[in-house]
Amino acid sequence: MLTRLDLLVNKVSKSIPEVSEYGSVDPAPPLTSGSITEWSESLCDDTIPMFQRMRNVFSLRNERSDQACLALCNGFNSSSALLRHEIAYVLGQMQNPVVLPTLTEVLKNELEHVMVRHEAAEAMGAIGDESIKPILEEYSSHPLPEIAESCQVAIDLLNWVKAKEWHDS
């Protein structure tokens, strides 16, 4: 947190917007230089401060490519549930179906932290791909309400997108 405050107070980089291009206020600003390989290598390295790892997450998100999405998916191997949760969140923001198999694995993993599984379900709905609906329906009656309710929200979102597409055409 102190590192973020230092960035904001000292205006280390005027090129870092306060609100992301996705309309969110991110807990760490993206880096202004680097590569997908460099950013992805630190995601699971517990020796790197969390603030730096979060900056890499948002750098990868802003890259928008399939390669960046898949690099983010590697971050699900991190020991930090907070980081894994944030990765699921940004994958939902990116809305790239290439990550659906990974998000499905995360949702199904009974050993995964409930916070991460809930965010994976919501990301699946945000992506808007109807092919994922059966798995969301299956988990919409999960005994953990955080998971069941997130799957129900994701299904509602899929239904809303489908209705909107039908109405707009």
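Guide: Buried means under 20% relative accessible area, exposed means over 50%, and partly exposed lies in between (1.4 Å probe, protein chains only). The model is predicted: local features need pLDDT of at least 70, side-chain atom pairs count only at pLDDT 80 or more, and totals for chains, interfaces and linings use all residues. Residues are numbered from 1 along each chain as its sequence is written, and side-chain values use heavy atoms, with hydrogens and water left out.

Visitor: Why does Arg117 count as buried?

Guide: Arg117 has 0% relative accessibility, and the cut-off for buried is under 20%, so Arg117 counts as buried.

Visitor: What makes Arg117 and Glu110 a salt bridge?

Guide: A salt bridge needs a side-chain nitrogen of Lys or Arg within 4 Å of a carboxyl oxygen of Asp or Glu. The closest N and O atoms of Arg117 and Glu110 are 3.2 Å apart, so the pair meets the definition. The structure holds four salt bridges.

Visitor: Why is the contact of Arg61 and Asp26 called a salt bridge?

Guide: The N to O distance is 2.6 Å, and the limit is 4 Å, so the name applies. Arg61 sits in helix α3 (residues 50-63) and Asp26 in the loop between α1 (2-10) and α2 (36-41), 35 residues apart. Helices here are DSSP runs (H or I, at least four residues), numbered from the N terminus. Both Arg61 and Asp26 are buried.

Visitor: What does the salt bridge between Glu112 and Arg84 tie together?

Guide: In this salt bridge the closest N and O atoms are 2.7 Å apart. Glu112 lies in the loop between α6 (100-108) and α7 (114-127), and Arg84 in helix α5 (residues 81-94), so the pair ties together parts that are 28 residues apart in sequence. Glu112 and Arg84 are buried.

Visitor: Which label does Cys44 get, and which does Cys151 get?

Guide: Cys44 is at 34% relative accessibility, so it counts as partly exposed. Cys151 is at 0%, so it counts as buried.

Methods
Helices (H or I, at least four residues) and strands (E, at least two) are DSSP runs, numbered from the N terminus.
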